[in-house]
Structure formats: C-alpha cells, structure tokens
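Hi,

Here is the structure I promised to pass on. Have a look at it first, and my notes follow below.

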Amino acid sequence: KDDGLLSNELAHAHEISHSEAAQRVDEFVDKVKAELNTNGLFTFDDFGVLRKKRMVMLLHPYILKNPL
C-alpha cells in the first residue's frame, strides 16, 4: 500500500506536483516489477541488486571496501 511518503519527498526535492511525483513512483515500480519478472533481478545503481527467487525477494547491497 502506498503511504505517499516517497511521493511527498520526491515532489518536495524536485519541486513538482504530488500527482507528478506519484506518477513517477508508479512508473519506477512498474519498471522494477517488469525487470524482476523478465530477468529475475533489478540493479539499483550504487546500491545493490534486488533478486526474485521463486516467490522471495532478496536484496544484495553493494559493500564498499572504503566508504570514505
């Protein structure tokens, strides 16, 4: 269920309407779902990989050797 927090933050950060922000979030979610269904994974740049294995979602964050 969408609580609107991400849309609110996106709208504020990018100075766009809440409805535009909500649409962007919906489009991104659709993109992630499509990649998961097609390839079984979605890569978040500079963050990690979300994998769909059977009916389970697994997040594999990138580990930085020297975060500083």
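What percentage of the 68 residues of the chain count as buried? The answer is 19%, where buried means under 20% relative accessible area, exposed means over 50% and partly exposed lies in between (1.4 Å probe, protein chains only).

Before you read on, a word on the source: this is a predicted model, in which local features need pLDDT of at least 70 and side-chain atom pairs count only at pLDDT 80 or more, while totals for chains, interfaces and linings use all residues. Residues are numbered from 1 along each chain as its sequence is written, and side-chain values use heavy atoms, with hydrogens and water left out.

On the overall layout: there are two helices and three strands, running α-α-β-β-β along the sequence. Helices (H or I, at least four residues) and strands (E, at least two) are DSSP runs, numbered from the N terminus. The chain has a radius of gyration of 15 Å, well over the 11 Å that the globule rule gives for 68 residues, so it is more spread out than a compact globule. That radius is taken over C-alpha atoms, and the rule is 2.2 Å times the number of residues to the power 0.38. The C-alpha trace spans about 35 × 35 × 15 Å along its principal axes.

Now the charges. By the rule used here (a side-chain nitrogen of Lys or Arg within 4 Å of a carboxyl oxygen of Asp or Glu), the count comes to one salt bridge. Its partners are Glu20 and Arg24, at 3.0 Å, N to O. They sit four residues apart in helix H2, so about one helical turn separates them. Glu20 is partly exposed at 30% relative accessibility, and so is Arg24 at 37%.

There is also a patch of negative charge on the surface, made up of Asp2, Asp3, Asp26, Glu27 and Asp30. Patch members have over 30% relative accessible area and no salt bridge, with like charges joined within 9 Å. One of them, Asp26, belongs to helix H2 (residues 18–39) and is partly exposed at 45%.

Thr43 is in strand S1 (residues 41–44) and is partly exposed at 36%; its C-alpha is 9.7 Å from that of Leu59, 16 residues away in sequence. Ile63 follows strand S3 (56–61) and is exposed at 77%. From Ile63 to Ser19 it is 35 Å, C-alpha to C-alpha, with the two 44 residues apart in sequence.

Cheers

Terms used. Patch = residues over 30% accessible without salt bridge, like charges linked within 9 Å, V, L, I, M, F, W, Y side chains within 5 Å. Areas by Shrake-Rupley, 256 points an atom, 1.4 Å probe, with all protein chains shown as cover. Lys, Arg positive; Asp, Glu negative; His and termini not counted. Charge placed at Lys NZ, Arg CZ, Asp CG, Glu CD.
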